[in-house]
Amino acid sequence: MMPDLSTLLTICACSFLAGFIDSIVGGGGLIQTPALLINLPTYPLPTLLGTSKFPSLAGTLVGAVQYTRRVVVQWKQLWPMAAVAFLASAAGSFTLTRVPNVFMKPLALLILIGVFIYTLLNRNFGQQVVIQLTDRQLRTRMLALGGVLGFYDGFFGPGTGSFLVLGFVGWLGFDFLRASAHAKWVNVATNLASLLFFASNGHILYAVALPMAVANLSGATLGVRLALLRGNGFIRVFFLCVIAATILRFSYDVWRN
């Protein structure tokens, strides 16, 4: 059975908020996926996860295009990174069908706590471009980051956008605005890989996914415009808020289990 109108509107409202948050610093999946799990409890988990990937891809792609119009993107290094992330995400989704991923949430929780403390204590973190890498070093690090977080997105998922932004800032020396722009394109690749995997196995509710996609990309459009208008300082504060909310969510899940 398809959800009734009130349920669908609730899911779409959550998808709008997810697109807004995800377009700025990532983390929208922590709103969108639970909304599906809560409102459509009778459907199989792979179907709900596959359905969530459709609006995620739409919103992320719209956000990536909008950022690119205002921010200089290093395409020469970015395309290979996105390609590696795509393949790694597909591998992660395949691995998910073979082994459990229950250990990922406690591990992600510990990493997020460290990220929050470090970002909070370092007020200049991500406020300016700090590139001290050769082209070869930058390319190598981008490929490694794409491989690790691509696999993570396919295997587990929540917080991938935030981890990508963190990686671009902390490991590659980007400021928050440029990090968000580049992270969006990598996230497009990982979402596309997972979507193709789930779609090929019939795990998408298109009657739900399509209106969710409209809501998600609407939220993403608003979020990107706000991020471009307010700049690095705003994104840093928003990043801290999203990481804090993610920590609380993961802490509750770990404690409950």
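Ala-35 touches Ile-11 and Cys-14, leaving aside residues up to four places away in sequence (contact means heavy atoms within 4.5 Å). This is a predicted model, in which local features need pLDDT of at least 70 and side-chain atom pairs count only at pLDDT 80 or more, while totals for chains, interfaces and linings use all residues. Residues are numbered from 1 along each chain as its sequence is written, and side-chain values use heavy atoms, with hydrogens and water left out.

**Helix α2**

Ala-35 sits in helix α2, residues 29-39. Helices are DSSP runs of H or I with at least four residues, numbered from the N terminus. Ala-35 counts as buried because its relative accessibility is 5%. Buried means under 20% relative accessible area, exposed over 50%, and partly exposed in between (1.4 Å probe, protein chains only).

Gln-32 also belongs to helix α2. Its relative accessibility is 2%, so Gln-32 is buried. What does Gln-32 touch, not counting residues up to four places away in sequence? Its contacts are Ser-15, Ala-18, Ser-52, Pro-55, Ser-56, Met-212 and Asn-216.

**The nonpolar cores**

The largest nonpolar core has 53 residues. Such a core is a set of buried Ala, Val, Leu, Ile, Met, Phe, Trp, Tyr and Cys residues joined through side-chain atoms within 4.5 Å. Ile-24, Tyr-67, Phe-168, Ile-235, Phe-238 and Phe-239 have the most contacts inside this core. Helix α8 (residues 176-200) gives the largest share, nine residues. A second, separate core holds 11 residues, among them Leu-36, Tyr-43, Leu-205 and Ala-215. In soluble globular proteins, nonpolar side chains tend to be buried together.

Ile-24 has a list of partners of its own. Residues up to four places away in sequence aside, Ile-24 touches Tyr-67, Ser-180, Gly-223, Ala-227, Phe-234, Ile-235 and Phe-238.

Val-188 lies in helix α8. It is buried, because its relative accessibility is 11%. Val-188 touches Leu-57, Thr-60, Leu-61 and Ala-64, with residues up to four places away in sequence not counted.

**Distances across the chain**

How far apart in space are residues that are separated in sequence?

| Pair | Apart in sequence | C-alpha to C-alpha |
|---|---|---|
| Ala-35 and Val-148 | 113 residues | 27 Å |
| Val-188 and Leu-57 | 131 residues | 5.9 Å |
| Gly-159 and Thr-97 | 62 residues | 20 Å |
| Gln-32 and Leu-138 | 106 residues | 33 Å |

Gly-159, from the table, is in the loop between α6 and α7. At 10% relative accessibility, Gly-159 counts as buried.

**The salt bridge**

How many salt bridges does a search of the whole structure find? The search finds one. A salt bridge here is a side-chain nitrogen of Lys or Arg within 4 Å of a carboxyl oxygen of Asp or Glu. The partners are Asp-153 and Lys-53, with 3.4 Å from N to O. Asp-153 is in helix α6 (residues 135-155) and Lys-53 in helix α3 (residues 45-70), so the pair ties together parts that are 100 residues apart in sequence. Are these two residues buried or exposed? Asp-153 is buried, at 4% relative accessibility. Lys-53 is buried too, with a relative accessible area of 12%.

**Helix α9 and its end**

Helix α9 covers residues 206-230 and has 25 residues. From its first C-alpha to its last it reaches 35 Å, close to the 36 Å expected at 1.5 Å a residue. The expected span is 1.5 Å times one less than the number of residues. Just after α9 comes Gly-231, with a positive phi of about 85°.

**A nonpolar surface patch**

Ile-113, Ile-117, Leu-120 and Leu-121 form a nonpolar patch on the surface. Together they have about 370 Å² of accessible area (Shrake-Rupley method, 1.4 Å probe; for residues, only the protein chains shown count as cover). Patches are made of residues with over 30% relative accessible area and no salt bridge; like charges are joined within 9 Å, nonpolar side chains (Val, Leu, Ile, Met, Phe, Trp, Tyr) within 5 Å. Ile-113 lies in helix α5, residues 104-121. Its relative accessibility is 33%, so Ile-113 counts as partly exposed. An α-helix has 3.6 residues a turn, so residues three or four places apart point the same way.

Conventions. Helices (H or I, at least four residues) and strands (E, at least two) are DSSP runs, numbered from the N terminus.
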